Amino acid sequence: MAEAHPVGFQWVMEAKRRGATIIHVDPRFTRTSAVSDVHVPIRAGSDIAWLGALVNYVLSNDLDFREYVVAYTNAANIIEGRFQDTEDLDGLFSGFDPETGHYDPTSWAYQPDSAQQVEDDAERDRAYGDTPGSQESHQSARSESHGSGGAPVRWKGRRDETLQDPSCVFQILKRHFARYTPEMVQEVCGIGPEQFQRVAEALTRNSGRDRTTAFCYAVGWTHHSTGAQMIRTASILQLLLGNIGRPGGGIMALRGHASIQGSTDIPTLFNILPGYLPMPTASQHQSLDEWVRDDEGKAGFWGNVRSYAVSLLKSYWGDAATPENDFCFDYLPRITGDHSTYTTVKSMIEGSCKGYFVVGENPTVGSSNGKMQRLGLANLDWLVVRDLQMIETATFWKDSPEIETGELVTEEIGTEVFFLPAATHVEKSGSFTQTQRMLQWRDKAVDPPGDARSELQFYYDLGQRIRRKLAGSTDEMDRPLLDLAWDYPTDDEGDPEGEAVLKEINGTGPDGAALASYTELKDDGSTACGCWIYCGVYADEVNLARRRKPHWDQDWVASEWGWVWPANRRQLYNRASAAPDGSPWSERKAYIQWDADADDGKGKWVGPDVPDFIADRAPDYVPPEGAKGPDAIGGQDPFIMQTDGKGWLFAPLGVADGPMPAHYEPPESPVRNPLYGQQNNPSRRKVDHPANPINPSFSEIFPYVFTTYRLTEHHTAGGMSRTLPYLTELQPEPFCEVSPRLAAERGLTHGDWVTIVTARAAIEAKVLVTDRMRSLRLGDRFVEQVGLPYHWGGNGLTTGDSPNDLVNLTLDPNVYIQDKVGTCDIRPGRRPRGPELTAYVEAYRRRAGVDMAHPEDGGADG
Amino acid sequence: MAEADRNRTCLTRMPGHNGFEDRARHQTRYASATHLRRLIGSLCFRRPCRGYIAEVNAFLGWPAIRQATGRDRLGRGAAAMSKRSETLEPRTVKADKVVDSVCPYCAVGCAQKVFVKDGKVAQIEGNPASPISRGRLCPKGSASKQLVTSPSRVTKVRYRRPYATEWEDLDLDTAVDMIADRVIKTRKQFWEWEADGNRTRRTMGIASLGGATLDNEENYLMKKLYTAMGAIQIENQARI
């Protein structure tokens, strides 16, 4: 965190000054480790074994925060008798289909509380005129389509609040994690039992009524074929310790781009629409009713999904969207599974996707398996790159590594390339959403130079041109473009006004005035809203994201700086900061609490933050039979975006690779999984292409683990940092880090060139031989790791080979993000040049016995 | 420049901003020469002559001595200044306007103040009022003026014809118009009404990557336009 988010790290240092213990778990000793109380070197990719053992420590020593766990989590829920654990199936859960690699989650479900629940649910299905079908929806990354809440369960289910029923979540969890012992941690992660004990004690001592512990991760956890489950393990641990929804608790994802949170909320992502509404799936959603049925009427705020969906369609198609035409639902294109970026790159290579916009991103350096990226670009009809600098993605046709080896020839590449210069952050006004969901508006300072334009201007202009060219068309396929509400006020230079777009995102009522809250949205077409979770950012026609009230003029929550979705709540699920009866868990950790005397004795939730709860819902409120949506949220259900109001220790639905986390080895690993017979995540998504061969597991040819990471002085793929003299001077050349033991084993000299090889590529870098990389002892063997900062490419002031060329494509099945951990060889000296490089890598593949008939497998198991 | 002055006042008020506090406190404070002269005198056994006094005065003017004897013990303020550097003013003072902004690198969201002089960015600094960053910027944020003013920024449209070996110039208006034509053509060429018997109403010919470095308003227009086009392969760094 000190490396990648230095300014955010000042708060960790503040905490340390006040007595907090800082624990840093990372394969490398970094700037963070240097100021931490404990550094725990871990083998890259083994986090579930580590966190799972901490879960086991809490459960087997009765160290959980029992009152919190019983009231606020699903620990008491009884799971279907058919459910089988990895304990029963040697690493698989029930419902696995080896043919497709998918799970059918029906056996993970909550047992209904009564026959009435089953009947109600069946009735609901009948009201939609067909049979139950939503259970399969996780298969198209559906889990991510609930980015601000969990997948919808069918009923709240039967509970045993004594937690003694052998089929209750708490007992299932206990059995599942029992094999995650400190000894196993030593064998899998390379972390000794004393260090484990020290961390486990510090963590549990610092959790409970009076104290809370926070987890931070700089999104390294997401870069694994088990990434979502790594974060789930941390969530389970934090829920058991009562560290969610309370001040000083939580799990902080430290994301890496100025508005990467914003581009997830208002997504440029294939599977969701603004506000985490799912993109319609062709096999399930052919009408508005079918589209919203999974969530509609369920307990919690997703129950009002129809209002959010209709309001979005109104903001897209304006007057054309009417109740008679399903508010233009049919204008939405449908997805049919995975259309994520890596799958799309494969389509480009295969010639079924021919036009590509790359906007402020540099995939030939920043995406994994750079060769596949470049092969895709070389097979397009046209490519539009918008950036500040001449990045590698724009120049692939003349200077990519494949040109040097002869695999690509400039004169044979038919791709037409447009490079359009873009405006910087000070040359346009607009809002970024930072990693804690805070929108902050930037004012424009200067005009962009020359042909540089904002994306707002470019896309508005492009849309206008396309609409003009298609005007008069009677082709049904052109209706969504021609009926689009695409008219924004412009400034003197013809640029659309960002605040007008923000107001459309915020939403407007029948009179055209900005709405104040998503609770005002209607499903009858009388309101429009471009992103329901952002509703309120423009309340009373005031741009609240632009607020800059100094922190010294307000309390520590600082609610008047920027605006945080939803409803300016700074801390999510803060109802959990109070005990079930509404009083603070402790004075020390008081945040939101129930004031029974407020509002003339009607009572309301009060505190320094906006309560993440219905403001006047009493703690003893029990929803009446048949209540729907927000009315069905009980007074002790803090997780209001979940259909059961509880934090999920066990996911009965919505996670593609199991209801609980299980440790699997990365697709390339020198280590045999000691926990289960199942070596790799059985649901991992493989990318089957000859340019993506996987190193066989346990290979003596590729004996070392490598992992990639960022440096303070550079930014992702380098377009915004390798081009600046200051930053180049601070980090002037690519390097890799290895331990002295590995250096001795391979004859590597500090400061000299080395070559790093996988089945995909070989790259060169200078080697830093340092104790910062630890040789990890796993049982009776050592595992060595090679650390690779990944920022480099061929253009800019500092240049070098791209470590992402080494990385294979094997994706997490929930979110389709790649596994950055792989195996490699490392040798002294520079890599071969030209065609000799191709032959060099080919020789490695042959020696390692890579199965080119099934290059995506790695050969460990199916 | 009132805004800039207010900034500096803020900085000195900032708890935890010791560097700035030091600087303010040490401003114009020099070593107490009288004290030092007495000290040297007491160590001397013979009466000082005229030349000796001049030597002592010159010696007392050395930055290291000023640092050792004055209040600027860290040598980051007055002690390190020369006659010339005393007359220098920061670029921020001369700015015509100061604009509120946010750092464009990682997602911490550090607040920036952009100082503009003659229509150009003169300096970018951290905004101490921010409850997130309290005025700090990391090396990248501190270098963001270079990001904006970099001489290697490309400011003209570049165009590469199919199979060409070099870039060509192209007028911006023509370029956007050509792109619109290509969107229309490719969209139609890869249009798909149905897949596996289900209505899809989409084009599989057009993809997009990027958004995490852009504004919310820009992402909104992108997704809206792409959705109306029927393009679904829309992705950004959040997937990577």
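**Salt bridges.** I counted 68 salt bridges over all chains, a salt bridge being a side-chain nitrogen of Lys or Arg within 4 Å of a carboxyl oxygen of Asp or Glu. This is a predicted model, in which local features need pLDDT of at least 70 and side-chain atom pairs count only at pLDDT 80 or more, while totals for chains, interfaces and linings use all residues. Residues are numbered from 1 along each chain as its sequence is written, chains are lettered from A and ligands numbered from 1 in the order in which they are written, and side-chain values use heavy atoms, with hydrogens and water left out.

I looked up Glu296(A) and found a salt bridge to Arg306(A), with the closest N and O atoms 2.7 Å apart. The pair links distant parts of the chain, ten residues apart: Glu296(A) is in the loop between α12 (288-292) and α13 (305-317) of chain A, and Arg306(A) is in helix α13 of chain A. Helices (H or I, at least four residues) and strands (E, at least two) are DSSP runs, numbered from the N terminus. Glu296(A) counts as buried because its relative accessibility is 18%; buried means under 20% relative accessible area, exposed over 50%, and partly exposed in between (1.4 Å probe, protein chains only). Arg306(A), at 17%, also counts as buried.

I then checked Lys469(A), whose side chain meets that of Asp177(B) in a salt bridge at 3.0 Å, N to O. This pair crosses between chains, from helix α19 of chain A to helix α9 (residues 172-189) of chain B. Lys469(A) is partly exposed at 34% relative accessibility, and Asp177(B) is partly exposed at 27%. Shared partners join Asp461(A), Arg465(A), Lys469(A), Asp173(B), Asp177(B) and Asp181(B) into one network of salt bridges.

**Interface.** How many salt bridges are there between chain A and chain B? I count 15. One of them joins Arg201(B) to Asp330(A), with the closest N and O atoms 3.3 Å apart. On the side of chain A that touches chain B, helix α19 (residues 455-470) gives the largest share, twelve residues.

In contact terms (heavy atoms within 4.5 Å), 165 residues of chain A meet 121 residues of chain B. The area buried between the two chains is about 12,800 Å², and carbon and sulfur atoms give 62% of it. Buried area here is the accessible area (1.4 Å probe) that two parts lose on being put together, summed over both.

Two strands pair if DSSP finds at least two bridges between them. Gly355(A) stands opposite Ile206(B).

**Asn236(B).** I found this residue in the segment after β8 (231-235) of chain B. Is Asn236(B) buried or exposed? It is buried, because its relative accessibility is 0%. Its side chain makes a polar contact of 2.8 Å with the side chain of Thr268(A). A polar contact is a pair of N or O atoms within 3.5 Å; within protein, one must be able to donate a hydrogen and the other to accept it, and residues adjacent in sequence count only if both atoms are side-chain atoms. The side chain of Asn236(B) also reaches the backbone nitrogen of Ala238(B) at 2.5 Å.
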